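Here is a short tour of a protein model, written for someone who likes to know the cut-offs behind each term. Have a look at the sequence and the structure, then read on.

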Amino acid sequence: DRRSRQSDSSEDQSTPAQALGLEDAVRSAYRGERCTYVLNSGLVEIVEKLQEYYSLLADERGIGLTVSGRGSVRGDVLMLHRAISNLLSNALRYTSEGKCINVDIQQKGTSVLVVVENPGESIAPEHLEKLFDRFYRVDPARREGSPSNAGLGLSITRSIIEAHDGKIWCTSSGGKTAFNIELPSADEKKA
């Protein structure tokens, strides 16, 4: 009886993030462990699901949210969902009413580039690399929103992206901030 319950539950789990639980998978990424699960993840599908969720919050503030492009990567859907969700949440937090957040997905040879760009106050160059450090805040006196905004989101996002053999960086100038994610495409052969 117990054995059949265990096998039933393991059959329902289709990704490491589901099998371990998303939090355990993120902890593994934090420790520098690579994502070993191979799944073709259509990024536009992930972003469109997030767009549905975040558009409700954006509409309340009169903020637009656009998605363009296509690209597929090899990775864990739940972990990638979490990483992009963190970026959209930040973009929504720092975008002024009446402005628009843009998400662009581009297939670039053996990689896919995802850019989450929002208008708002530019971030000084000396802060750009530090944004991905745990608990780092450009202005430590500010703590937007709820206590859950502890300064971990970008650090978690970087860990997830690096676990997928990707890179993440931020550019900010002229009143626009863009978080750029580069991931190996689904077509790239693993050595």
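## Surface and overall make-up

The protein has an accessible surface of about 10800 Å², and carbon and sulfur atoms hold 49% of it. Areas here come from the Shrake-Rupley method with a 1.4 Å probe, and for residues only the protein chains shown count as cover. Please keep in mind that this is a predicted model: local features need pLDDT of at least 70, side-chain atom pairs count only at pLDDT 80 or more, and totals for chains, interfaces and linings use all residues. Residues are numbered from 1 along each chain as its sequence is written, and side-chain values use heavy atoms, with hydrogens and water left out.

Seven helices and seven strands make up the secondary structure; these are DSSP runs numbered from the N terminus, helices being H or I with at least four residues and strands E with at least two. Read from the N terminus, the order is α-α-α-β-α-β-β-α-β-β-α-α-β-β. Of the 191 residues, 39% are buried, where buried means under 20% relative accessible area, exposed over 50%, and partly exposed in between (1.4 Å probe, protein chains only). Among contacts (heavy atoms within 4.5 Å) with a separation of 6 or more, 70% join residues 24 or more positions apart.

Helix α4 (residues 43-60) and helix α5 (residues 77-94) cross at roughly 35°, and their axes come within 10 Å. Axes are lines fitted to C-alpha atoms, for helices over the stretch in contact, and angles run from 0 to 180 degrees between N-to-C directions. On the α4 side the contacting residues include L50, Y54 and L57, and on the α5 side they include L80, S85 and L92. S85 of α5 is buried at 14% relative accessible area. Leaving aside residues up to four places away in sequence, S85 touches L50 and Y54.

With α7, the angle of α5 is about 145° and the axes are 9 Å apart; the crossing is left-handed. Here α5 contributes residues including M79, A83 and L87, and α7 contributes residues including L154, T157 and I160.

Where does H164 sit? Its place is the loop between α7 (153-163) and β6 (167-173). H164 is buried, with a relative accessible area of 5%. A polar atom of the H164 side chain lies 2.8 Å from the backbone oxygen of I160. Polar contacts are pairs of N or O atoms within 3.5 Å; within protein, one must be able to donate a hydrogen and the other to accept it, and residues adjacent in sequence count only if both atoms are side-chain atoms.

## Aromatic pairs

Rings of Phe, Tyr and Trp (its six-membered ring) pair if their centres lie within 6.5 Å; planes under 30 degrees apart are stacked, over 60 edge-to-face, and the rest tilted. By this rule there are two aromatic pairs. Y53 and Y54 form an edge-to-face pair, 4.9 Å centre to centre with 85° between the planes. Y54 is buried at 9% relative accessible area.

F132 and F179 have ring centres 6.0 Å apart and planes at 85°, so this pair is edge-to-face. Because F132 lies in the loop between α6 (125-128) and α7 and F179 in strand β7 (residues 176-184), the pair ties together parts 47 residues apart in sequence. F132 is buried at 2% relative accessibility, and F179 is buried at 7%.

Key. Left-handed = near helix turned anticlockwise from the far one by under 90°.
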